[in-house]
Amino acid sequence: MKYVFIINPHAGEADNEEKIRREAEGIEGCEFYVTKSVGDATEFVRNWCKDHAGEVVRFIACGGDGTINEVFNGAVGQKNASVTCYPCGSGNDFVKAFGGAEAFLDIAKLTSAPTRKLDLLKVGDRYSNNVVNFGFDTTVAITINKERDKTGHGGKNAYTKGVVTALIKSMNNRCTVIADGETLNPDGKLLLCTLANGQYVGGSFKCAPRSKPDDGLIDVCMIKPISRLRFVKVLTPYTNGEHLDDESMKDIVTYRQAKKIEVIGGEGFAFSLDGEIIYSEHFTVEIAPAALDFAVPEI
């Protein structure tokens, strides 16, 4: 088997390329590729499989959630490919459903790890392995991206500015969510909504505590518009993943499991696909069951 390490040099706070190369020494069949730009990892994986038809390969995404998503998108449909990751980003949300980042930081274990089938969320011609979300969270992400473009970095100040902006502009968002034919918010309003294959978003928020990445279902969690005062009160149980069972939140939480979600927004409506902001007034999210072979190290 070939082991192809796809390294994002900008992920996290340190340059991990040298460390990854050093730890992979002695493992036969290793190749290394350093990404050059956004989207490069997807294109590289597709081209590699095209140029090495029939070869058995394991792609190892070395970076954060964005890098993992790009590698997954490149590997979908490749019969001889499996994927795993060396999570060295800032949030590492996706791997928290599999024991956390520490379970994936032993490169020898990554090359020998058994595979399991992984569902993906299909949005047009794109796939999400973790979360598609919109509303409050997306406003925060858009603000952070603008700060990053302006200053060259994100960080706590950008996040704080994002939250403040969302508290001002994004407490009552207009869109309609339809899950397997059922309209979840007939009034067309919500604070936020998460369509999940993973469990975590934003580095620490356990948005979908019941989600399983191999059950053939999308977990849908919607929060109705609330006051800023109540927002502060429910933030802790939402962060801890207690919101689905918290009696004090029953009146504002709508939870379903579905195979197809239709979202109808207005002009300029935006959603986040594993952290990437996409603008679309009307889109559909469908489950792609058992779409990928994902290698998970044994703990």
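Reader: Which residues of α7 are buried, and how should I read that word?

Author: Buried means under 20% relative accessible area, exposed over 50%, and partly exposed in between, with a 1.4 Å probe and protein chains only. In α7, Phe231, Val234, Pro237 and Tyr238 are buried, and they cover an arc of only 125° around the axis, which puts them on the same side of α7; the arc is that of the directions from the helix axis to the C-beta atoms. The face of α7 turned away from its buried side carries the exposed residues Leu229, Val232 and Lys233. Helices (H or I, at least four residues) and strands (E, at least two) are DSSP runs, numbered from the N terminus.

Reader: On what kind of model does this rest?

Author: This is a predicted model, in which local features need pLDDT of at least 70 and side-chain atom pairs count only at pLDDT 80 or more, while totals for chains, interfaces and linings use all residues. Residues are numbered from 1 along each chain as its sequence is written, and side-chain values use heavy atoms, with hydrogens and water left out.

Reader: What span should helix α7 have?

Author: The expected span of a helix is 1.5 Å times one less than its number of residues. For the 12 residues of α7 (residues 228–239) that gives 16 Å, and the end C-alpha atoms are 16 Å apart, which agrees. Just after α7, Gly241 takes a positive phi of about 75°.

Reader: Which residues touch the most other members of the largest nonpolar core?

Author: A nonpolar core is a set of buried Ala, Val, Leu, Ile, Met, Phe, Trp, Tyr and Cys residues joined through side-chain atoms within 4.5 Å. The largest such core has 42 residues, of which Phe5, Ile6, Phe59, Phe72, Phe104 and Phe294 touch the most other members. Elements that each supply at least two residues of this core include β1 (2–7), α3 (65–75), β5 and β17. Apart from it lies another core, of 25 residues, among them Leu192, Cys221, Val234 and Tyr238; Val234 and Tyr238 are also among the buried residues of α7.

Reader: How many salt bridges does the structure hold, and what counts as one?

Author: Side chains of opposite charge can pair when their charged atoms come close. A salt bridge is a side-chain nitrogen of Lys or Arg within 4 Å of a carboxyl oxygen of Asp or Glu, and the structure holds nine of them. One of these joins Arg116 and Asp214 (2.8 Å, N to O); because Arg116 lies in strand β5 (residues 115–123) and Asp214 in the loop between β11 (192–196) and β12 (218–223), the pair ties together parts that are 98 residues apart in sequence. Arg116 is partly exposed at 32% relative accessibility, as is Asp214 with a relative accessible area of 40%.

Reader: Which residue forms a salt bridge with Lys117?

Author: Asp293 does, with the closest N and O atoms 2.9 Å apart, and this pair links strand β17 (residues 282–295) to strand β5 across 176 residues. Lys117 counts as partly exposed at 45% relative accessibility.

Reader: Is Ser128 buried or exposed, and what is in contact with Ser128?

Author: Ser128, in strand β6 (residues 126–128), is buried, with 0% relative accessibility. Contact means heavy atoms within 4.5 Å, and, leaving aside neighbours within four places in sequence, Ser128 is in contact with Asn69, Leu120, Leu121, Leu273 and Asp274. A polar atom of the Ser128 side chain also lies 3.3 Å from the backbone nitrogen of Val131.

Key. Polar contact = N/O pair within 3.5 Å; in protein donor to acceptor, adjacent residues only side chain to side chain.
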